[in-house]
Amino acid sequence: MASRSVSRSTKAPTFSVTTASQLHDAIDSLLPQLRADPSLAPAARALTAAAGSLPPSIILSNRLLHLLSSHPATLPDALALFSSIGAPDFCSYNTLISALSRSPRHLPSARALFDRMPQRDHFSWSALVSAYARHGQSGAALSLYRRMQEEPGNAGADNEFTASSALAAAAAARCARAGRELHCHVVRRGIDAGGDAILWSALADMYAKCGRVEDARRVFDRMPVRDAVSWTAMVERYFDSGRGGEGFRLFLHMLRTGGVRPNEFTYAGVLSACAEFAVESLGRQVHGRMAKSGTGDSCFAESALVRMYSKCGDMGSAVRVFEATTKPDLVPWTAMISGYAQNGQPEEALRYFDMFLRSGITPDHVTFVGVLSACAHAGLVDKGLEIFHSIKEQYGIEHTADHYACVIDLLSRSGQFERAEEMISKMAVKPNKFLWASLLGGCRIHKNVHLARRAAESLFEIEPENPATYVTLANIYASVGLFDEVENVRRIMESKGITKMPASSWIQVGRRVHVFLVGDKSHPQADEVYGLLRWLYAKMREEGYVADTGFVLHDVEDEQKEQDISYHSERLAVAFGIIATPEGAPIKVFKNLRICGDCHTAIKLISQIVQREIIVRDSNRFHHFKNGSCSCRDYW
């Protein structure tokens, strides 16, 4: 029999296929390359043609089916091959169902093929149940799993694999009732008796995603074997549900048990939480432990450290970690650029962006969010628009809603509302909440009531229960004296049961975190705090300070307005920091809401009077106050 030559490309060898063994070898060689390079599709088709000269074999057919279904470019060829197989077996059906299930577009075809199967094994059921769950069709996934339970002859298919897929569907649907029913079924059938880690993890994930973190913890505590992956996942579940304290305690418990060592993903998750909850002291301890264990040598862990330090306002430490990274890739570069932007140092952000481009690494869409944010905070309109247009024209990256949000922030901050409205009208993607919030923020700066109403109405449609939109709109009305409109906003909030989040600020001194509310006198050193503020206000007035009472929502006398604004939570925290920390030491305060304009002015003056660096992180960014000025240059 004449040999059949199969040429793949100029760089690849030519296959000479005359025997089944040679065909198997050729498939083994081509399979991983075809997955990465669709231009090799002709070579896969040629192999299929070459198989026609060999004796028929279901094993060979299935191997070719596996090859052709490994890439969307050759999926039609896989379907054609399947139709030519006289008696397809389980493997034939399952290979094609699995391939079709990768895309939601082909899911109906996968289901049609599944329904044609004379018999089904656990892989058949599991592949389709998991595909429905993966593509957001949780109801179909759970319905199919129930059908599997009800149909006779499927006892062998009801195992840990299909149960895990069904639990993932219940988690995606956020349906605790369905998830609990599945849990009971798993226990009744003894499916959990084998201690399969994937099944136990799916159970815990289901409860956590359904808002039942206590039940997730109970599942975790009952796990027969807990490795670094399961510990990390449970710690992350606490963080994801906003229960940072419990997440940190479980992490510390993991360290104390000594049986399982945290890996780089554990540390990265904890460092992200340290940044989110502003727990810099614990982040430093984690950094030290990483250094001792050698985990910090990976680029992934180093990137997490850079993000943690930058989000805690310590760019000096972030720079030291970055400079110690042997070969920084895209992630740490992006973390540095975004960190400088968030910390009010746009020039440094742009300098690092230029250095990053010279390194030869290609930026991604996240990198550009950081750069555009830096331009917005610095008021660099022309530079920001130049970078925005380069995203698509120079780098071939499609603009995302976040890119547009940054540019709208840039234009509205600078008062260029006509250009902002024009860009919104021509956007290729749907505006998201961040864009409308940016526009509303610009309206607040420039007191643009008309456009503020439009932005607020759009935000009400996207997230009607978010009090921040109502409060910002009321602030804009108050700033121009429209107190009837302020009261109208309040009535709407009251009718919908929406309450404003209380403003709070906190500062860590030693190992203790001190929290302050507006006008708070509950702190043991309240008398000292208020006494210091009164002294500071006297000094500030000597410097020409006059309270900007436009930030007070109440229609009351000016004297009362000044009294209301004088004891905002961030001022109390700053005053306590001056009292409780060593002379000359920086003071770092965190606030859950945006700092008001008058507090921003006041803290600038306080930094000059007491000759201390004062760092305030609000809900938007960091403000570094020093010698009477702020890193944001009053552009925030």
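At what angle do helix α4 (residues 75-84) and helix α5 (residues 90-100) pack, and how far apart are their axes? In this predicted model, the two helices pack at an angle of about 155°, and their axes lie 11 Å apart. Because angles over 145 degrees count as roughly antiparallel, α4 is roughly antiparallel to α5. The crossing in which α4 passes α5 is left-handed.

The residues that form this contact can be listed for each helix. From α4 come Leu75, Ala78, Leu79 and Phe82; from α5 come Ser92, Tyr93, Leu96, Ala99 and Leu100. Sorted by class, the contact of α4 with α5 has eight nonpolar residues, one polar residue and no charged residues.

**The chain as a whole**

The protein chain has 32 helices and eight strands. Its C-alpha trace spans about 105 × 55 × 55 Å along the principal axes. Of the 636 residues in the protein chain, 49% are buried. The accessible surface of the chain comes to about 29800 Å², and carbon and sulfur atoms account for 52% of that surface. Among contacts with a sequence separation of 6 or more, 62% are between residues 24 or more positions apart.

| Residue | Helix | Relative accessible area |
|---|---|---|
| Ser61 | α3 (residues 58-68) | 19% |
| Asp409 | α23 (residues 401-413) | 15% |
| Val574 | α31 (residues 569-580) | 1% |

Ser61 counts as buried because its relative accessibility of 19% is under the 20% cut-off. Leaving aside neighbours within four places in sequence, Ser61 is in contact with Leu81 and Ile85. Ser61 and Thr48 are 13 residues apart in sequence, and their C-alpha atoms are 8.7 Å apart in space.

Asp409, in helix α23, also counts as buried, at 15% relative accessibility. Beyond its neighbours within four places in sequence, Asp409 is in contact with Ala376 and Ser438.

Val574, in helix α31, is buried with a relative accessible area of 1%. Which residues does Val574 contact, leaving aside its neighbours within four places in sequence? They are Ile587, Val589, Ile603, Ile606 and Ile614. Val574 and Trp506 are 68 residues apart in sequence, with a C-alpha to C-alpha distance of 9.0 Å.

**Positive phi in two loops**

Most residues other than glycine have a negative phi. Arg174 has a positive phi, near 55°. Where is Arg174 found? Arg174 lies in the loop between α9 (160-172) and α10 (176-189).

Asn627 likewise has a positive phi near 55° and is a residue other than glycine. The loop that holds Asn627 runs between two strands, β7 (622-626) and β8 (629-630). Is Asn627 buried, partly exposed or exposed? With a relative accessible area of 48%, Asn627 is partly exposed, since that value falls between the 20% limit for buried and the 50% limit for exposed.

Methods
Residues are numbered from 1 along each chain as its sequence is written. This is a predicted model: local features need pLDDT of at least 70, side-chain atom pairs count only at pLDDT 80 or more; totals for chains, interfaces and linings use all residues. Side-chain values use heavy atoms; hydrogens and water are left out. Axes are lines fitted to C-alpha atoms, for helices over the stretch in contact, and angles run from 0 to 180 degrees between N-to-C directions. Helices (H or I, at least four residues) and strands (E, at least two) are DSSP runs, numbered from the N terminus. Angles under 35 degrees count as roughly parallel, over 145 as roughly antiparallel, 65 to 115 as roughly perpendicular and the rest as oblique. A crossing is left-handed if the near helix is turned anticlockwise from the far one by less than a right angle, and right-handed if clockwise. Contact means heavy atoms within 4.5 Å. Ala, Val, Leu, Ile, Met, Phe, Trp, Tyr, Cys and Pro count as nonpolar, Asp, Glu, Lys and Arg as charged, and the others, Gly among them, as polar. Buried means under 20% relative accessible area, exposed over 50%, partly exposed in between (1.4 Å probe, protein chains only). Accessible areas come from the Shrake-Rupley method with a 1.4 Å probe; for residues, only the protein chains shown count as cover.
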